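Visitor: I would like to learn how to read some features of a protein model. Please show me the structure and take me through it.

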Amino acid sequence: MPLIVMCGYPCSGKTRRAEELKVCFEQNTDRKVHIVGDAALGVEKNTVYADSQKEKNVRASLKAEVERKVNKGDIVILDSLNYIKGYRYELFCLIKHAQTPQCLVYCLTSDEVSTTWNTNRDAAEQYTQEIFDALVLRFEAPDSRNRWDSPLFTILKDDTIPFEDISDALFKRKAPPPNQSTQSQPLSSSNFLYELDKITQEVLMAICNAQKTSVPGDLVPVPGATEKISF
């Protein structure tokens, strides 16, 4: 049910932290944990992040996969850059509609550390320096004052994951209230047909009784109406 949104520079340890969280929750709870991320989609990052339309399509696919997996019992971890403030707001709106809590885990590293970790990867998994620099430049850091970035857990490279705090944020907090505009309103009350039939019968009875005594031109009151009808 709850959603954990990972966030950070490229090669900042997000996937490692997501796996650590998955193990912690599986060991300490009876809930299933789903990790949704670029790897599951088979994303070729240098190709995708060099093309804004391809990147937009990937974000849409990740969001759709999160929406499919969010339910009442499981935990979903979104393991991606999630570096755009507007995209994090879209995820916040999604969980409001699903009426489930969320939290943001920010893997905070310097660009020097992330660069080193990037170069230590296998060549096929590395970001090119041009793409890496562009993503760092475009990165919009989370801010706990924003409701879509809260509660925010900032984790440095040598920190231990604050599992208890994250667990409390997900299971001891109420879900954000849904917007009225996103809620389906009932078309009618449960006794709508009964009330409709009752009012119809009252109107028909009033008209039938008036026909017995009225002459053409008389004004006849109708139950529930302010105006009268004329024969």
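Visitor: Is Lys157 buried, partly exposed or exposed, and what is the basis?
Guide: Buried means under 20% relative accessible area, exposed means over 50%, and partly exposed lies in between (1.4 Å probe, protein chains only). Lys157 has 39% relative accessibility, so it counts as partly exposed. This is a predicted model, where local features need pLDDT of at least 70, side-chain atom pairs count only at pLDDT 80 or more, and totals for chains, interfaces and linings use all residues. Residues are numbered from 1 along each chain as its sequence is written, and side-chain values use heavy atoms, with hydrogens and water left out.

Visitor: Which residue meets Lys157 in a salt bridge?
Guide: Side chains of opposite charge can pair when their charged atoms come close. A salt bridge here is a side-chain nitrogen of Lys or Arg within 4 Å of a carboxyl oxygen of Asp or Glu. Lys157 pairs with Asp158, at 3.2 Å from N to O. Asp158 counts as exposed, because its relative accessibility is 66%. Salt bridges that share partners also join Arg16, Arg17 and Glu20 into one network.

Visitor: How many salt bridges does the structure hold?
Guide: There are 12 salt bridges. One of them joins Arg138 and Glu55, with the closest N and O atoms 3.5 Å apart. This pair links distant parts of the chain: Arg138 is in helix α7 and Glu55 in helix α4, 83 residues apart. Helices (H or I, at least four residues) and strands (E, at least two) are DSSP runs, numbered from the N terminus. Arg138 is partly exposed at 34%, whereas Glu55 is buried at 6%.

Visitor: What does the salt bridge of Lys63 and Glu90 tie together?
Guide: Their side chains meet at 3.4 Å, N to O. Lys63 lies in helix α4 and Glu90 in helix α5, so the pair ties together parts that are 27 residues apart in sequence. Lys63 is partly exposed, with 24% relative accessible area. Glu90 is also partly exposed, with 36%.

Visitor: Now the core. Which residues have the most contacts inside the largest nonpolar core?
Guide: In soluble globular proteins, nonpolar side chains tend to be buried together. A nonpolar core is a set of buried Ala, Val, Leu, Ile, Met, Phe, Trp, Tyr and Cys residues joined through side-chain atoms within 4.5 Å. The largest one here has 30 residues, and Leu3, Val66, Leu78, Tyr127 and Leu135 have the most contacts inside it. β1 (3-8), α4 (52-69), β3 (75-79), α5 (85-98), β4 (102-107) and α7 each supply at least two of its residues. The largest share, 5 residues, comes from α5.

Visitor: Backbone next. Which residues have a positive phi although they are not glycines?
Guide: Asn82 does, at about 45°. So does Gln99, at about 55°. Asn82 sits in the loop between β3 and α5 and is buried at 3% relative accessibility. Gln99 is in the loop between α5 and β4 and is partly exposed at 39%.

Visitor: Is the peptide bond from Ser150 to Pro151 cis or trans?
Guide: That bond is cis, with omega near -5°. Pro151 is in the loop between α7 and β5 (152-155).
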